[in-house]
Amino acid sequence: MRDVRVFAAAACAALVSLPAVADKTDRIDVLAERDGVVRYDGHRVVRVTPGSARELAAVSVIAETIWTHRVGVGPLDVQVTPEGEKALREIGLDPVVVIPDVQALVDAEWAQIQNHERARRAGVFPAVRTGTYDESFYQSYQQLADIHARMNTLATARPDIVSVSDIGDSLESRDILALRITGPDQPGNLADDRPVVLWQGGQHAREWVSPATVMYIADQLIELYDTDSRVRDLVDTVDFRIIPVCNPDGYSYTWTNQRLWRKNRRSGYGVDLNRNWSYEWGGDGSSGSTSSETYRGASPFSEPETAALRDFATGLGDRLAASIDYHSFSQLILWPFGYEDGAVTPEPDRTFYDTLSTDMSNAMLQEEGAFYDPIQSWELYPAAGVADDWYYGDRGAWSLTIELRDTGFNGFELPAVEILPTGRENFEAALLFAERTTTPMSYVATNPVPTSIPADADSIVRVEIVDGVETLDPATATIYTRAAGGSFVGTPMTLAEGVMFEGVLPATPCGDTLEFYFSATSTLGNSVTYPRAGAALPFSALSTVVQLELNDTMETDLGWTIGDAGDTATTGVWERANPQATAAQPEDDHTNTGTLCFITQAAAGTSIGSFDIDGGNTTLTSPVLDGTAYEGEAYLTAWVWYSNDQGGAPNEDSMAIQISDNNGGSWTTLETYDENNRAWTYREYRVADFVSLTNQLRVRFVAGDLGSGSIVEAGVDDVTLEFRGCPTPTNFADCDGNGSLNVDDVDCFVAGFLGGDLESADCDGNGALNVDDVDCFVAAFLGG
């Protein structure tokens, strides 16, 4: 063990020689020269598997720092010098290289930050800006001052739903800021009475994707409040508190001095804030040594940062319903308890956590294709004195720890291009988490809630009703509907399968609006509506007649064209086929009874990249469509598949969905689609919002690989051009259409009836000819 003692001495010397704390003017000029910054030349990250506490202690001393989120006997990713790697081999471990050059990753990250800053100063950002949302903020990592500025910008832009507060100061007197996002007071639904969901990030300084993700979640709650009924429903009934950076001193230090610093800045050695919480403080997975990465501090809440968080949470009282503590990395959803091996989470809470974390994992996988492993914390490694144990064990709030991307290939040096996909997948999970932890049950619509329904006919709407903190009584599932000016009438819903319920939207005259909502009661007698009571208005759907100019399931060839003069793709060219599943491509088409769709080369090949799009664009163009075929509003609808989040340069490409009103002479973009849903996704466009309604309409889908190594797959199925409205009623009495009623109209009707002509003889409009049509015609004729 002599080598271990040598490394222990070196570690102590390193503590003494750490650069001084930078000046507290937090925003630095990233384009200026930096002096005194710790470098990691020659350092690698290796994976070792200590099999005993003795080997674990040796690894802890030899390693420059441990990258694995929790430390225990078993696989560990550790950062080592060449001498450290040699020492690991000498004590009988067999290190496997995970990251061959740490400094190269740090340099690449800093170069990206500088390029982003140059673009900012030049005012050239290839980013989306809508409402309060500014995508450029998530195209690079941000300094503490910029995060705080963004928080204040959001509060200034939307004072009706956003505010910022200073919940305390750090050891070096930096502010710890919290966002509050909740809707205005409503009768019987005051903001200060709502359940609180708390999301926090940045306890560990070097985990830069954590504050970025927490900020993205906050940003989306605000941006989507006016347009997304699910988000509005939550913001109007939940009080969200969001703390992006819990460790402002450490986070600032990673920008100015030492990129891979983990702890706060206590006396130069630092305290691991996520071992400083009081619940079971001092136990497994924490250390009493100041040189340890998991040093727990002198006592519970010894640090001003954790004390501020404690006081803030305690001040929320019984309203604190749930919390998530965001970290990186490893793609895990961890639920309490984790303070020791075998720590028991009592039922029914254990089952609730298991179901919740699994469903969140599924939501993440569907959104961006990344798998987050749901697991009880101690089953990985025990860690005492952590935030999620305190929120659950001390405050009685539902709590999770989420370890963000990736699984070790980049670790703490996650490229900035991964910020947005990490944010998107976690936003979906965060919504589900808030729904499940603040209501007895929650609802999930299997498709977009209908905004139009077929006129004069019953239609079916489906919704999942999922247990939240209570258990559903399935017999109470009810849909309430009312026509214009009427009262709501409740109709029991039918359990279709699993937790899927079906309700009937009753026949409604064309042009009328039907309002509806769902209600269910738990076994404890508590009811929940969808939309929630006191939040959004009931859903509404306009009754229309739908007439189809195109209804293409792709099962037969209706004249689509593959290829365009500018196409250069060498593989992944569009074809109408039955797709073979890959990690980026669907196994089935979208049509329930079909097998074919248009797909960017259906074969799976031997790897995910065998037949994806390579070398440029591939174009799929529809036949000519008549936008004047029927009365009413023309809508183009389609189900699309798109994947672009894998490979060496993910998320660099997109699929253009375009329309032409002059047979392809010019094109207007309906949408630049880049959502990695890994599922068939419904798209709908009102044609008149983009082009004129002519008889020369065409639509095309242009997918391409224009980046430097992404995996791109696309699919299109079930395309329609449909007209919604209430067509001018046919005057069946004036069968010959000359504007007067006489015996010629009787002869015309009889001829149509005997000849089976629905257009001239289906007077009651039910699609069949019988004595009711005769009665209908006679009544119309006699009535003039």
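Two strands count as paired here if DSSP finds at least two bridges between them. With that in hand, take strand β9 (residues 196-201) and strand β11 (residues 320-328): they run in the parallel sense and share 6 bridges, and within that pairing L198 sits opposite S323 in β11. Keep in mind that this is a predicted model.

**Overall build**

- The chain carries 16 helices and 34 strands.
- Its radius of gyration is 31 Å, close to the 28 Å that the globule rule gives for 784 residues, so the chain is as compact as a globular protein of that length.

**The 8-strand sheet**

- This open sheet has 8 strands in the order β7-β8-β10-β9-β11-β14-β12-β13, and its pairing is mixed.
- β7 (162-169) and β13 (373-376) are the edge strands, each pairing on one side only.
- From one strand to the next, the twist averages 20 degrees.
- Helix α5 (residues 144-157) packs on this sheet and touches β7, β8 (175-181) and β10 (239-243). The direction of α5 makes about 145 degrees with that of β7.
- α13 also packs on the sheet, where it touches β9, β10, β11 and β14 (398-404). Against β11, the direction of α13 makes an angle of about 160 degrees.

**The 5-strand sheet**

- Another open sheet has 5 strands, ordered β25-β28-β33-β30-β31, with antiparallel pairing.
- β25 (561-562) and β31 (668-673) stand at the edges with a single partner strand each, so one side of each has no neighbour in the sheet.
- β25 pairs with strand β28 (residues 617-621) in the antiparallel sense over 2 bridges.
- In that pair, I562 stands opposite L620 in β28.

**α13 and its helix partners**

- Helix α6 (residues 209-223) and helix α13 (residues 419-438) have axes that come within 9 Å and cross at roughly 60 degrees. That angle makes α6 oblique to α13.
- The crossing of α6 with α13 is right-handed.
- On the α6 side, the contact involves V209, A212, T213, Y216, I217, Q220 and L221. On the α13 side, the partners include I419, L420, F427, A430 and L431.
- By class, the residues of the α6 contact with α13 split into 10 nonpolar, 5 polar and 1 charged.
- Helix α10 (residues 349-368) packs with α13 at an angle of about 145 degrees, and the axes are 8 Å apart.
- α10 and α13 cross in a right-handed way too.
- The α10 residues in this contact include F352, L356, D359, E367 and E368, and among those they meet in α13 are R424, E425, E428, F433 and R436.
- The contact of α10 with α13 divides into 9 nonpolar, 3 polar and 7 charged residues.
- R424 and N426 of α13 turn up in the contact with α6 and again in the contact with α10.

**α5 beside α6**

- The axes of α5 and α6 come within 11 Å and cross at roughly 10 degrees. That makes α5 roughly parallel to α6.
- I147, R150, M151 and L154 of α5 make the contact with P211, M215, D219 and I222 of α6.
- This α5 contact with α6 has 6 nonpolar residues, no polar ones and 2 charged ones.

**Backbone spots to check in the viewer**

- Most residues other than glycine have a negative phi, and most peptide bonds are trans.
- The peptide bond from E347 to P348 is cis, with omega near 5 degrees. P348 lies in the loop between β12 (332-335) and α10.
- Y530 and P531 are also joined by a cis peptide bond, with omega about 0 degrees. P531 is in the loop between β23 (527-530) and β24 (539-552).
- E280 is not a glycine, yet has a positive phi of about 55 degrees. E280 belongs to the loop between α8 (248-256) and α9 (304-315).

Key: Residues numbered from 1 in each chain as written. Predicted model: local features only at pLDDT ≥ 70, side-chain atom pairs only at ≥ 80, totals over all residues. Heavy atoms only, no water. Helix = DSSP H or I, 4+ residues; strand = E, 2+ residues; numbered from the N terminus. Axes fitted to C-alpha atoms, helices over the stretch in contact; angles between N-to-C directions. Parallel < 35°, antiparallel > 145°, perpendicular 65-115°, else oblique. Left-handed = near helix turned anticlockwise from the far one by under 90°. Contact = heavy atoms within 4.5 Å. Nonpolar A, V, L, I, M, F, W, Y, C, P; charged D, E, K, R; others polar. Rg over C-alpha atoms; globule rule 2.2 N^0.38 Å.
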